[in-house]
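Biologist: Please put the sequence and the structure up. I will then ask about them one point at a time.

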Amino acid sequence: MTIVFDVGNVLIDFRYRDHMRDLGFSEQAVEELSRRMVLTEFWKEMDLGVRMEKDALEKFTAEMPEYKEEIETFWAHTEGLVAEYPYAEPLVKGLKDAGNPVYVLSNYPQETAERHWPTFRFLKHTDGHIISAYEKVAKPDPRMYRLLESRFGLDLTDCLFIDDRQENIDGAKALGMQGLLFTGYEQLITDLRARGIHI
């Protein structure tokens, strides 16, 4: 079976709060910037590739001038925004070595992808990947999943999609894919084994 992974909070930790703490931000700044900058529709526009980091700097420093220094520091040091989970590379390699093609389908901003993705160790074990910002489309839009068909010649009915967001699983299932909601590594291994997929 072809395995298709989401990336954020499945293979990597999207650790934006800890990143801000590492940069020395106060807890109040961490919570305000999480709520008003990261967890916003604007971030989804970055995933779609229609907004860039310079747009984020302009928008959020204008909206939160009291956090101008923190916002500028945040965007100047996005290398610490994510961390690859220790299990990610062995998991992907194990599935690949067991005979399962492995692909990645990710909502991700372009500029951070350019910094982060070359560092991901699991990536060399995959057969291909699609990043939303480069395609100007994101999950759960059906066009995002259809790219797997058109670009890699996959049969979606033979694909198992693993994501941490239910709406993305629902989007995949609507096109005939199988889906697993990711809630943790141990549960994922149990769920894969239940489907006859062993590492």
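Modeller: Lysine 124 has a relative accessibility of 59% and counts as exposed (exposed is over 50% relative accessible area, buried under 20%, partly exposed in between; 1.4 Å probe, protein chains only). The model is predicted, so local features need pLDDT of at least 70 and side-chain atom pairs pLDDT 80 or more, while totals for chains, interfaces and linings use all residues. Numbering runs from 1 along each chain as its sequence is written, and side-chain values use heavy atoms, without hydrogens or water.

Biologist: Which side chain does lysine 124 meet in a salt bridge?

Modeller: A salt bridge puts a side-chain nitrogen of Lys or Arg within 4 Å of a carboxyl oxygen of Asp or Glu. For lysine 124 the N to O distance is 2.8 Å. Lysine 124 is in the loop between α7 and β5 (128-131) and its partner in helix α6, so the pair ties together parts 35 residues apart in sequence. The partner is glutamate 89.

Biologist: How many residues apart in sequence are the parts that glutamate 31 and arginine 17 tie together?

Modeller: Their side chains form a salt bridge at 3.4 Å, N to O. Glutamate 31 sits in α2 (residues 27-38) and arginine 17 in α1 (residues 16-22), so the parts tied together are separated in sequence by 14 residues.

Biologist: Is glutamate 31 buried or partly exposed?

Modeller: The relative accessible area of glutamate 31 is 36%.

Biologist: How many salt bridges does a search of the whole structure find?

Modeller: One of them joins arginine 165 to glutamate 167, with the closest N and O atoms 2.9 Å apart. Elsewhere, Glu32, Arg35, Arg36 and Glu66 form a network of salt bridges. The search of the whole structure gives 23.

Biologist: Why do the buried residues of α11 line one face of the helix, and within what arc do they fall?

Modeller: The buried residues in α11 are Leu188, Ile189, Asp191 and Leu192. They line one face because, seen down the helix axis, they fall within an arc of 165 degrees.

Biologist: Which exposed residues does the face of α11 turned away from the buried side carry?

Modeller: On the buried side, the cover includes β1 (2-5), α6 (88-97), β6 (159-163) and β7 (178-181). Glutamine 187, also in α11 (residues 185-194), is partly exposed at 39%. The face turned away carries the exposed residues Glu186, Arg193 and Ala194.

Conventions: Helices (H or I, at least four residues) and strands (E, at least two) are DSSP runs, numbered from the N terminus. The arc is that of the directions from the helix axis to the C-beta atoms. Contact means heavy atoms within 4.5 Å.
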